[in-house]
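Dear colleague,

I am handing over the structure we spoke about, with the sequence alongside. Please look it over first; my notes on what was found in it follow below.

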Amino acid sequence: MASQNSSPPLQQRLKVDRKFMNAFSLLLLLLLLSFMSYRLATLPTLEGLEYWFWALALACETCFTWLWLLSINGNWNPVLFKTYPERLPLRFKSELELPAIDVFVTTADPFMEPPIIVINTVLSILAVDYPTSKFAVYVSDDACSIITFYSLSMASEFARTWVPFCKKHNVSVRAPFMYFSDNTAASDSFSPEFLSEWKMVKSQYEELCRRVSEAVSGSCKYHQYMRSEDLAFFSRIERGDHPSVVKVIVENGEKGSEGVGHLIYIGREKRRKHRHHFKAGAMNTLFRVSGVMTNAPFTMNVDCDMFVNNPRCFYEALCLLFGFESERDAGFVQFPQVFYGGLKDDPFGNQLKVLYHTLGRGFAGLQGMLYSGTGCFHRRKAIYGAQPPELPNGKGQLTKYMNGSDEAKMEELESIFGHSEEFLKSVVCILSEDGYLGSYNPVSLASTLEAAHEVARCTYENHTQWGDKVGLVYGSTTEDVLSGLRLHSMGWKSASCTPEPPGFLGCAPSSGPESLTQSKRWATGILEVLVGSHSPLLAVVTKKLQFRQCWAYITITVWALCSLPELCYATLPAICILTGRSFLPKVTQSDALFPISLFILFNLYSIIEYWQIKLSLREWWNNQRMARINCTSAWLFGLFDVILKLLHLSETVFVVTPKDDHGSSGDEAKDRGRLTFDSSLLFLPPTTLLLLNLAALGAGIPMLTSGDISLVGEMVCSAWVVASFFPFAKGLVRKGRYGLPWSTIFKSGVIASFIVHVCRYIA
Ligand SMILES: O=c1ccn([C@@H]2O[C@H](COP(=O)(O)OP(=O)(O)O[C@H]3O[C@H](CO)[C@@H](O)[C@H](O)[C@H]3O)[C@@H](O)[C@H]2O)c(=O)[nH]1
Ligand SMILES: [Mn+2]
């Protein structure tokens, strides 16, 4: 087995220099604090409406300062992990010594997540550079759809050509749609043999695409290609109400790198009255089914749209999983989410480049990067609730269960993990120090099917600790953040893996409503984390969550709460202009230097962040604009969702993001970056803010032209709000999906004019 100490390190933790930005952020903090003290000192001299406007502004600025302090904590000492995969052969003498990895892919709906995307992801995994006998791919289909199952079966046929082709020619991107979208792969510089092979593989892929699209369009004659028992099973399936199904699509009988890795299809049991916990529930089923079938010590999971972009990513991850003195330093290894085919300059602000860059490295410098749901390698024993070994060679706490013959202990184990004997055996193997890395190897996959069906039943988790102390944690629509937090609370650390080219690529939503719905789900989910029983605020006191990591978690979990001060701050300038009062010092006074310098320096700071990772000014502007839009719509509604949940008035749900069928959105390139709208309530607050500020500017400009500059600061703020919500201004005049629906404009108009009248009345 792998020897621990003698070989050169597999990874290096590099500190990123941030002195300048840290100093800059402290300067901003100082300015914020001085401005707040100035406001405090000025308040007693004010009266009437102005007093209240200044007080409200001070309250908002207190929130912003607090957030700024949190972000300074999160960004203060970033680190970067450098990996040395070329040194792995010194650690693992032969391919057979490499650890096994179980790979999970989740999909939930064949129409929102076209099967062609799912199979491209699966094919890219099957073709990774890793011995095929050392990994298994499990696909969980929450729709239990014949279309997905059929597409996977067809894809497995194609894999027999695709996988050897990729390995033989060392293909760099192994998702076929991506590979064939680039015709330079077949340029004249290649040999005639390669070209004829390339053409053959390409035509097979096209045939696969044709069959899959027939299945989606409903014109497929399944009986020609499917076994009658599978056909009979799937034709009886009623979505959301069906028994569990586990089917082995490919079983790899090889010892080394030949053939294609195991491919297993799972549709967990669904019953109408039974809560199924969305993705977290699917993942927990995956952990159990793979436990009884292959039980690899490491697992990796991706969303169905996240294909492997760097075929050596398994080796990259191993460098971190094995690269530290203690396992504790890498409870899980997260690759950043990077998106393919992203629109130029990120018009919807959802490619998260700066977020991943700064926050990602910042978290890495603390206890470790968040689990972000996809592109992540987990230590199975950490998922099963084992504590990290405290000392370099210490034993984990759950190892007391190693001795499986002890009945009392087995009973206790059953109350944690459920009653499947096969599964408990696999757990004991994972939790025992010696058995852990040599995976539990059943005779054949077929012999494990009965147990696999059993652990995929919806009642299996009743009276167990699944979803709480074991597996991914239930209770948030961002199960990823919550589950990563649990691991950090247990004392595990995580590492970020950022190879070049990036390990995985996925797709970001490409329309306004989808983008905002995704943001809303995230804001809801992470606020649920803050207020739930696994809250970082509790874990930092009662568990092993580190102090600064706790505050870093809070920085992101308060997103939904930020919507309130943002909303106030975007309304204040308009209200001030309409009532003829101020909330800022007059421009003619020197005190005005506080807000002016804050405004300029803050934007400069954020522009530098973009410039540092070579993003354009346009992208900065798009992102800051979308941040305002998100904050006052998606995050605000996220907050309402959580309040309703806390009052037991409704449940939060995971709304799946629709994925584009590889560039088939049909829009002209120039239109793709335009915000699209629908009648969702999400568009109401931004439209109202826009109309209100337009009305205020309308009232204010005559003042300016008559030489009254007392409210010039408020006018600049109002104009900034209008500029930020400019896509909505375009929406007012455009038609179709690029235009705001009449109902939204009408409702917003009523609210805005109501506010204008109130302002007139109180002025
Ligand atoms: O009931 C469900 C709902 C979703 N999913 C799967 O969950 C994944 C993510 O769903 P998606 O709609 O793409 O959500 P995103 O907002 O894009 O996902 C991000 O945010 C999620 C919640 O934080 C994380 O789980 C994801 O990994 C992360 O990519 C997809 O593979 C889905 O098939 C299920 O398996 N079952
Ligand atoms: Mn997604």
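The residues of the shell around ligand 1 comprise six nonpolar, 10 polar and eight charged ones, where Ala, Val, Leu, Ile, Met, Phe, Trp, Tyr, Cys and Pro count as nonpolar, Asp, Glu, Lys and Arg as charged, and the others, Gly among them, as polar. Please keep in mind that this is a predicted model, in which local features need pLDDT of at least 70 and side-chain atom pairs count only at pLDDT 80 or more, while totals for chains, interfaces and linings use all residues. Residues are numbered from 1 along each chain as its sequence is written, chains are lettered from A and ligands numbered from 1 in the order in which they are written, and side-chain values use heavy atoms, with hydrogens and water left out.

The ligand site

Ligand 1 is surrounded by 24 residues, of which Asp142, Asp303, Glu479, Thr657 and Lys659 are the closest; a residue is near the ligand if one of its heavy atoms lies within 4 Å of it. Among the polar contacts (pairs of N or O atoms within 3.5 Å; within protein, one must be able to donate a hydrogen and the other to accept it, and residues adjacent in sequence count only if both atoms are side-chain atoms), a side-chain N or O atom of Asp303 is 2.5 Å from an oxygen atom of ligand 1. Backbone N or O atoms also approach oxygen atoms of the ligand, that of Cys304 at 3.2 Å and that of Gly373 at 3.1 Å. On its own, ligand 1 has 690 Å² of accessible area, and the protein covers 96% of this (Shrake-Rupley method with a 1.4 Å probe; for residues, only the protein chains shown count as cover). Two or more shell residues come from each of strand 3 (101-107), helix 9 (278-293), helix 16 (479-489) and helix 17 (512-531), and helix 17 gives the largest share, three residues. Helices (H or I, at least four residues) and strands (E, at least two) are DSSP runs, numbered from the N terminus.

Glu113

Glu113 sits in the loop between strand 3 and helix 4 (115-126), and its side chain makes a polar contact of 2.5 Å with the side chain of Lys659. Glu113 counts as buried because its relative accessibility is 6%, buried meaning under 20% relative accessible area, exposed over 50%, and partly exposed in between (1.4 Å probe, protein chains only).

In helix 14 (residues 421-431), eight of the 11 residues are buried, and what covers them includes helix 9 and helix 13 (407-417).

The peptide bond from Glu500 to Pro501 is cis, with omega near -5 degrees. Two residues other than glycine have positive phi: His277, at about 60 degrees, which is partly exposed at 25% relative accessible area, and Asn295, near 50 degrees, which is buried at 0%.

With best wishes

Key: Contact means heavy atoms within 4.5 Å.
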